[in-house]
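Keep the sequence and the model side by side as you read.

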Amino acid sequence: LLKDDDLLKSLASAASRRVHQFTSQEMGNTVWAFAKLAFCEEALLNSIADQAMDRISDFNSQELSNTAFSFATLSINHPPLMAKIAVVAREKVLEGKSDNQMLSNTAWAFAKLQVSDEPLFQTISAAAIKSSRNFVPQGLSNLAWAMATTLKKDEALLAAIREQSQAKLPILNTQDLANTLWAWAKLEKFDSEFFSQLSSAAQHLLPNFNPQSLANSAWAFASLLILDKPFLRSIGEAARLSIADFNVQALSNITWSFARLDILDDKLFSAVASEALRKVPQFDAQAVSNMSWSFARLDLWNDPLSRALSAAAVAKQAELTTQEISNLAWAQARIYCVDMNLCNALADRAILRAPNLNKQELSVLAWAFATMAHVHRPLLHALADQIEQRIDELGPLEVANSTWAFAKVAFSHEPVLAALATASEATVWPKGPDSNDSEKNDSMAPNGVYSVVWSAWRTTQPILARTMAQRSLVSVDRGAGGSEADRLSTLMEPLVEGVLIMDNEWSRGDPWGHQTRIRANASSDATLRPVEP
């Protein structure tokens, strides 16, 4: 494509003056040409929109879809024009005056501009299902992308797209494959068989995938927790070779995806660390959080990158969501590297957003600060107040983690300790010793019981410790022989042993006995390496 900006500006100016003389085909062709050249001249587009609305009934189905497609390609949303196009396009489809390209391009355009028109979508869907076998692969993937972007889970249309994509697997190109994988994940359609077929078709094409397609494909598998190690390692190799071309979002997504699936690819993560360090100034708050979380999830530590991400998080603290606040705190605790500036910034933001923290974020923040032995009393009070108020929302894991955290830092807050004690007793088995197996699945795991018993011991709550011990044991031995004292003595041994082992670990500087790195004393080691045991 040849692109001469000065010439295009002159053409746009001339077209704007004469657009009232254009036919519908000339309007559609003009806007299509400027979109194809990625040249946005808003004055011309507004002139064409005004004329098109007045003569919209003259447009045929291709001209309608070309116009919508071109405005979407240039990211220009003109609501009055899109509303008129929706009405007339629907009429054309119902009259049978549309082809498959018109259907997919129109759906894509409305999704790209986030313009929702349910009657139009339903009409396009019905027509597309009937003629699905005649769609080219790009049309199928465009329909899937449009549904995923607008979160419209049309099961019948998805089934038709799946069937025809399977039939056309050998001719799907890189974008078709990546878009289809992404769409299924975005719509939370778990389909390991279909993903296996798509990954097999994509395997030999991976060297031709662009960074966004590589990142989106990895994200799709990670989002649905579908583990295809051979394919993902091939993605990792292709990504490593083109890592310099990854933008911030693609870099963040592929790192998150491998971490989410617990795939440690040393070569990829070394390349990511170098590239991320170079691009940290471009990171938004989400990218900072995702990158920190991903490296911590895989127990990887790179001091220069860690420093840069911490500084970026402090600089962007006002933009952090509650999830990003808790993820950053968790990451610091996980890799035992405490940046006091970041810790204090996260604590301040968490206090401001305390009512918006969900149950997991509340317990993760309590756990993280306790793990780092960072006693930030205003934060602890804010977390305690929210946990007390919303104690009924907390599940067994959140109860155990919160109880452990407050005990670990010797934080005395009687109302929350009492609320956690009551919740702990209820979560050993929510419905008592006669609970069935499905109800027991919702109860506290053994490690959680150990945590609460240890915490009750540390916070001098002997009644809670005794109750937790008895409740955790009483139903395991129902029907067993021997005296009750003998049975309890036998069953108490693992509980006592578990609590003593955990007390030995939790009484050290951190719960795993690692040496916590305080940022002021951290080295400048740029080597990517696992956290030392």
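The expected span of a helix is 1.5 Å times one less than its number of residues. Helices here are DSSP runs of H or I with at least four residues, strands are runs of E with at least two, and both are numbered from the N terminus. Helix α4 (residues 61-73) has 13 residues and should span 18 Å; its end C-alpha atoms lie 18 Å apart, so the two agree.

This is a predicted model: local features need pLDDT of at least 70, side-chain atom pairs count only at pLDDT 80 or more, and totals for chains, interfaces and linings use all residues. Residues are numbered from 1 along each chain as its sequence is written, and side-chain values use heavy atoms, without hydrogens and water.

The protein chain holds 27 helices and four strands. Of its 533 residues, 55% are buried (under 20% relative accessible area, with a 1.4 Å probe and protein chains only).

Return to α4. Ten of its 13 residues are buried, among them L64, F71 and A72. What do the buried residues of α4 pack against? They pack against α2 (24-36), α3, α5 and α6 (100-112), where contact means heavy atoms within 4.5 Å.

Two of these partners also meet each other. The axes of α3 (residues 42-54) and α5 (residues 79-94) come within 10 Å and cross at roughly 35°. Such axes are lines fitted to C-alpha atoms over the stretch in contact, with angles from 0 to 180 degrees between N-to-C directions. A49, A52 and M53 of α3 make the contact with P80, L81 and K84 of α5.

Methods: Buried < 20%, exposed > 50% of the residue type's maximum accessible area, 1.4 Å probe, protein only.
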